[in-house]
Amino acid sequence: ENYYQEAGRAGRDGEVSECILLFAPQDVEICKFLIDNSEYQDMDFEEAELVKNRDYERLRVMENYCRGTECLRSYILNYFGEKAEDKCGNCSNCKTEFAETDMTAEARAVMNCIYETGGRFGISIITDALKGSANAKIKDRGINKYKSYGALKNTDKIIIRLLIDNLIREDYLTQTSGKYSVLKLGARAAEMKKADTKITLKIYDYNKEEVKKKEKPSKSAAALNETGRELFERLRALRYEIASEENIPPYIVFSDKTLTDMCVRLPVMKEEMMRVSGVGEHKFEKYGERFIDVIFSFVREHPNQITNADIY
């Protein structure tokens, strides 16, 4: 619920926007620690456990959101009980080219392992068992003696994890809530015995270039005339160059709105640049002169040309 609120803030001014979620597996463990160490004042033990389990379930849903390959907008809508008619075509998953891979045999190996272990272990141990890991946890529990031990030794751990996540989403498996969540066979587990059951997994194909995002110009940038758009593209190229040098998102340098205002005002001196929307003393000291150089060169190439748009 909190993420949904934050994710919507970027585009509320009507401009084209980008929402970036940073995720690492360790984040999940940190969140579990915070949940375990939260103080539940004015609650008895049973009430506190219910709240904890609810928080663990929300964490699981967020983790699936980060790891999944389906349309992210559809995932959010489904969580809130709405049915998305079509893919949004705009999220990172929709814009990424995935290879559709038949993982039926691997899925059966996963489910056999969970059946053999009696639904007593979580994702980490099940993955290690399928990989044929010889760590202490596997040996101490005797998992290395099961038939399914090492069944997927030639499959990457990441792929096994993605497959398990997919089986959970499709109700072939369930994952309990709580600090020590375990995997159990789900409502559709029996379907795996049918010969016509097929499990596919969308896996990112690293051998192919990711589908290029078609960046739509902001409303203000789109309103520039042809000459203004030419300058806008030069300024955007400079912005990208600076962002690459500093390893930061381009909008941190200057927003599209600021670049558009530069195209309209054509500042070639500091006093003029300081009147541009979004340019303060700090930003000018860091980037101002480089943008002025580009604008000055453009003005010399296009004397007496009008770049401003109707919105100004």
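1. Helices (H or I, at least four residues) and strands (E, at least two) are DSSP runs, numbered from the N terminus. The model discussed here is predicted, with local features requiring pLDDT of at least 70 and side-chain atom pairs counting only at pLDDT 80 or more, while totals for chains, interfaces and linings use all residues. Residues are numbered from 1 along each chain as its sequence is written, and side-chain values rest on heavy atoms, with hydrogens and water left out.

2. Asp171, in the loop between helix 8 and strand 2 (173-175), has a positive phi of about 70 degrees although it is not a glycine. With a relative accessibility of 41%, Asp171 counts as partly exposed, a class that lies between buried (under 20% relative accessible area) and exposed (over 50%), using a 1.4 Å probe and protein chains only. Leu266, in the loop between helix 12 (256-265) and helix 13 (270-273), likewise is not a glycine and has a positive phi, near 50 degrees; at 22% relative accessibility it is partly exposed.

3. Helix 5 (residues 104-116) packs against helix 8 (residues 157-169) at an angle of about 80 degrees, with the axes 10 Å apart; axes are lines fitted to C-alpha atoms, for helices over the stretch in contact, and angles run from 0 to 180 degrees between N-to-C directions. The two helices are therefore roughly perpendicular, the term for angles of 65 to 115 degrees. In this contact (heavy atoms within 4.5 Å), Glu106, Ala107, Val110 and Met111 of helix 5 meet Leu163, Ile164 and Leu167 of helix 8.

4. Helix 5 also crosses helix 6 (residues 123-131), at roughly 115 degrees and with axes that come within 10 Å. Here Ala109, Val110, Cys113 and Ile114 of helix 5 make the contact with Ile126, Ala129 and Leu130 of helix 6.

5. The model holds 22 salt bridges, each being a side-chain nitrogen of Lys or Arg within 4 Å of a carboxyl oxygen of Asp or Glu. One of them joins Arg169 and Glu70 (3.6 Å, N to O), and this pair links distant parts of the chain, since Arg169 is in helix 8 and Glu70 in the loop between helix 3 (45-67) and helix 4 (72-79), 99 residues apart. Another joins Glu285 and Lys270 (3.7 Å, N to O). Glu63, Arg67, Arg161 and Asp165, finally, are linked in a network of salt bridges.

Terms used: Parallel < 35°, antiparallel > 145°, perpendicular 65-115°, else oblique.
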